[in-house]
Amino acid sequence: RETELVNSWLFAKHRSALQWRRVRLGVVPNNDMGKLLQVTLRCADAIFVDEGVFHIVEAKLRPDAGAIGQLKIYQQEFKRTPEFQELWTRPLRLIFLCTKLDRPLAELAQREGVQYEVFTIEEIKKTALRKFPNL
C-alpha cells in the first residue's frame with residue numbers, strides 16, 4: 001500500500017525530520033460548508049521539513065504521470081493553506097515517490113521541477129525488519 005511506502009521511506013531516509021502525513025491542503029471554511037459547496041480537498045501523502053526546506057510527497061506504487069499534476073496542485077494549495085501561512089515564503093520541493101523507475105516519467109518530472117524518488121518493494125521489506133526486528 002502507498003501508506004506503507006511513504007512510512008517506510010520516511011523512516012529510512014528522513015527519520016529525524018519534522019513530518020506530517022495525509023496533509024489536507026487548501027481552504028475550506030468548515031466541514032459542513034465544504035460538503036455543501038462540494039469542495040475537493042487535496043491531501044498530500046506527506047510533508048516534511050529538512051534543513052529548512054519543505055517537501056511535499058506524493059506516492060504511487062506504480063509509475064503514474066498524474067502524480068506530477070497532483071504535486072503541482074499541492075504546491076499551489078500549500079500557499080493557500082491557512083495552517084501553513086507562516087511558512088509560505090519558505091523553499092518548497094516536490095517529490096514523487098514510486099517503487100519503480102520509469103525513465104520517461106522521471107524525465108518529465110525533472111522538467112517540471114519534481115524530484116523522482118524510487119524506493120523498491122525490497123527496501124520497504126528491509127525497513128519493516130529494521131522498524132520491527134522481532135518479526
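This report walks through the fold, the helix packing and the charged pairs of a predicted model.

## Ground rules

Because the model is predicted, local features need pLDDT of at least 70 and side-chain atom pairs count only at pLDDT 80 or more, while totals for chains, interfaces and linings use all residues. Residues are numbered from 1 along each chain as its sequence is written, and side-chain values use heavy atoms, with hydrogens and water left out.

## The overall picture

The protein has five helices and five strands. These are DSSP runs numbered from the N terminus, with helices being H or I of at least four residues and strands E of at least two. Read from the N terminus, the order is α-β-α-β-β-α-β-α-β-α.

Of the 135 residues, 38% are buried. Here, buried means under 20% relative accessible area, exposed means over 50%, and partly exposed is in between (1.4 Å probe, protein chains only). The exposed surface comes to about 8,500 Å², with carbon and sulfur atoms supplying 49% of it; areas come from the Shrake-Rupley method with a 1.4 Å probe, and for residues only the protein chains shown count as cover. Among contacts with a separation of 6 or more, 59% are between residues 24 or more positions apart, a contact being heavy atoms within 4.5 Å.

## The sheet

The five strands make an open, mixed sheet in the order S1-S2-S3-S4-S5. Two strands pair if DSSP finds at least two bridges between them. S1 (18–25) and S5 (114–118) sit at the edges with a single partner strand each, so one side of each has no neighbour in the sheet. On average, neighbouring strands are turned by 30 degrees against each other, direction ignored.

S1 pairs with S2 (residues 42–50) in the antiparallel sense, over seven bridges. Within that strand, Arg 42 is the bridge partner of Leu 25.

## Helices against the sheet

Helix H1 (residues 2–13) lies across S1, S2, S3 (53–60), S4 (92–98) and S5, and runs at about 145 degrees to S3. Helix H3 (residues 66–78) also packs on the sheet, touching S1, S2, S3, S4 and S5, and its direction makes about 145 degrees with that of S3. For these angles, axes are lines fitted to C-alpha atoms, for helices over the stretch in contact, and values run from 0 to 180 degrees between N-to-C directions.

H1 has twelve residues and reaches 16 Å from first C-alpha to last, close to the expected 16 Å at 1.5 Å a residue; the expected span is 1.5 Å times one less than the number of residues. Its buried residues include Leu 5, Val 6, Ser 8, Trp 9 and Leu 10.

## Salt bridges

The whole structure holds four salt bridges, each a side-chain nitrogen of Lys or Arg within 4 Å of a carboxyl oxygen of Asp or Glu. One of them joins Arg 24 and Glu 83 at 3.0 Å, N to O. Arg 24 is in S1 and Glu 83 in the loop between H3 and S4, so the pair ties together parts 59 residues apart in sequence. Arg 24 is partly exposed at 27%, whereas Glu 83 is exposed at 56%.

Another pairs Lys 60 with Glu 58 at 3.4 Å, and both residues are buried. Glu 77 and Arg 80 meet at 2.8 Å; Glu 77 is buried at 12%, while Arg 80 is partly exposed at 44%.

## A loop residue

Thr 89 is in the loop between H3 and S4 and is exposed, at 78% relative accessible area. Its C-alpha is 8.5 Å from that of Lys 79, ten residues apart along the chain.
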